[in-house]
Structure formats: C-alpha cells, structure tokens
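Dear colleague,

I am passing on the model we spoke about, together with some notes on what turned up in it. Please read them with the structure open beside you.

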Amino acid sequence: MHDAAISIRGLEKFYGDFHALKNINLEVPDKQTLVICGPSGSGKSTLIRCMNGLETYRSGTLNVLGLPVGNDSKVMDHVRKRVGMVFQNFNLFPHLTILENCVLPQIRSLGRDRTAATVEAMEQLKKMQVDIHGQKYPDQLSGGQQQRVALARALALKPEIMLFDEPTSALDPEMISEVLEVMQDLARADMTIVCVTHEMGFAKAVADRVILMAQGEIVEEGRPEQMFNNPQHQVTKDFMAVVNG
C-alpha cells in the first residue's frame, strides 16, 4: 500500500553540466489535482516527464503508486500501464486511423484482444465527442479534436494517474476551453492529475495544490487561493502578475 500517488525526494537532474532539477521534494496524494506552473525553462516539463520515466534523473528517489521509477524495465512497464500521459503536441501516430491510435496501445500495453480494445476505444472516443472521426487520420482533425483523441487513447488504458504536459499550448484559443472542460471532468471524478500548464483558470477551478517552479527548483507551493491572492515569493508574484494580465 502506498501513502501517496507520487512521492519525490531529493530529485536531481542534469543535462550535461546544466542543472535542470534541483533537490525536488514533492508529494501528490491520491485523487488530488496538482498544477505545476512557472516561467519557461523552469524545469516543469522535465519534472513531469521524470514521473513516468521519459526522462532519467541523477539522484534522489521517485516513487509512483509505490513503485520506484528508474532503470528496471519490468517495473517501468507496470508504472506506464497505470499512468497516462497527454503531451502538448498530441503524439498521435500519423499513419494510423483515430480508432487504431486508441486500439493498438491497449493491445500492446494491456494484452487486450482486438474486439475488447475496439469497444473500449469507441467508448472513450464517444465520451470525447470524436467517435464519428474513427476512420480518419490525425491530420484530418483540428488540434482540439486531436487532443481529445489523445485523451481518449490515454483513458482507454484505465490509468490511475494522468499527467498533462502543457496540453493546450499547441491549440487555437477557441479549442482550449473544450480540452480544459474534459480535464476538469476528470479532476472532479477524483482521478489523480498532475498538470503543467499556464491555464490559471483551470488551476483556480480544480487544483487542490499549485506549485511554482523557477530555475529547476520549487519556489513556492500552496492552495490555489493562496498562490493567486497572496503569493509569498517575489518570483511567484511576478509570474502571477503576468498570467493574470
């Protein structure tokens, strides 16, 4: 039994001589929504990519659902089966139909038979209101539709945790709200969510906690109302002044 969905202690990450993450300590309780924000280049995406092993780290500990994230491929297979991730650029396979994009990961990751995987894929695509596009290819859809397909693909694997890496940054403004709505529904359904975003409206609406990063460090953390209305650190004050207009 694990005490937190994600537990990080003393995490250090380098790219060559560049110190990308510095002594990161973080707990994400089950069924809570954490928003990570901060200026560009602050280490936000690097941190969230470490959470499912897309990035390695030099030292410290990182446990997800009680499992150590590291170099053990069998352990990492278990982690990735239980953790979904949605990226800013959708990461759909361009040569596969929308339906096949959602079917194939289930077959490969979970060992589902094609019939069961197809039923699950169609159910999730319908929830995302893109089921009518099942036989199209990604480049035939808008950015917002592609991101909803990416969400359907992740949710078809029945993850316990969802990681979002700036999921709206590549979208046209009119598409942002529809993707955020889906994410808000997930948060209200008590899924554990970690989201890197500049969409502070989302943070205000559903986040249990907000952390602000700068230069590879967690500068400040707290509940949304404290972070938005009474930030303590000057970096946080400056950032909130910019994002709040």
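In what follows, a residue is called buried when its relative accessible area is under 20%, exposed when it is over 50%, and partly exposed in between, using a 1.4 Å probe and protein chains only. On that scale, buried residues make up 51% of the 245 residues in the protein chain.

Please keep in mind that this is a predicted model, in which local features need pLDDT of at least 70 and side-chain atom pairs count only at pLDDT 80 or more, whereas totals for chains, interfaces and linings use all residues. Residues are numbered from 1 along each chain as its sequence is written, and side-chain values use heavy atoms, with hydrogens and water left out.

To begin with the overall fold, the protein chain contains nine helices and 10 strands, these being DSSP runs (H or I of at least four residues for helices, E of at least two for strands) numbered from the N terminus. Its radius of gyration is 18 Å, close to the 18 Å that the globule rule gives for 245 residues, so the chain is as compact as a globular protein of that length; the radius is taken over C-alpha atoms, and the rule is 2.2 Å times the number of residues to the power 0.38. The C-alpha trace spans about 50 × 45 × 35 Å along its principal axes. Where contact means heavy atoms within 4.5 Å, residues 24 or more positions apart account for 65% of the contacts with a separation of 6 or more.

Helix H9 (residues 234–243) has Thr236, Phe239 and Met240 as its buried residues. Seen down the axis of H9, these fall within an arc of 95°, so they line one face of the helix, the arc being that of the directions from the helix axis to the C-beta atoms. They pack against strand S3 (33–37), strand S9 (209–214), strand S10 (217–222) and helix H8 (224–229), while the face of H9 turned away from the buried side carries the exposed residues Ala241 and Val242.

Most residues other than glycine have a negative phi. Lys31, in the loop between strand S2 (18–28) and S3, has a positive phi near 65° and is exposed, with a relative accessible area of 54%. Gln215, in the loop between S9 and S10, has a positive phi near 50° and counts as exposed at 63% relative accessibility.

Two further residues may interest you. Glu120 belongs to helix H4 (residues 114–127) and is buried, with a relative accessible area of 11%; leaving aside neighbours within four places in sequence, Glu120 is in contact with Gln106, Arg112, Leu155, Ala156 and Lys158. Tyr15, in strand S1 (residues 6–15), is partly exposed at 37% relative accessible area, and with the neighbours within four places again left aside, Tyr15 is in contact with Ala20, Thr46 and Glu55.
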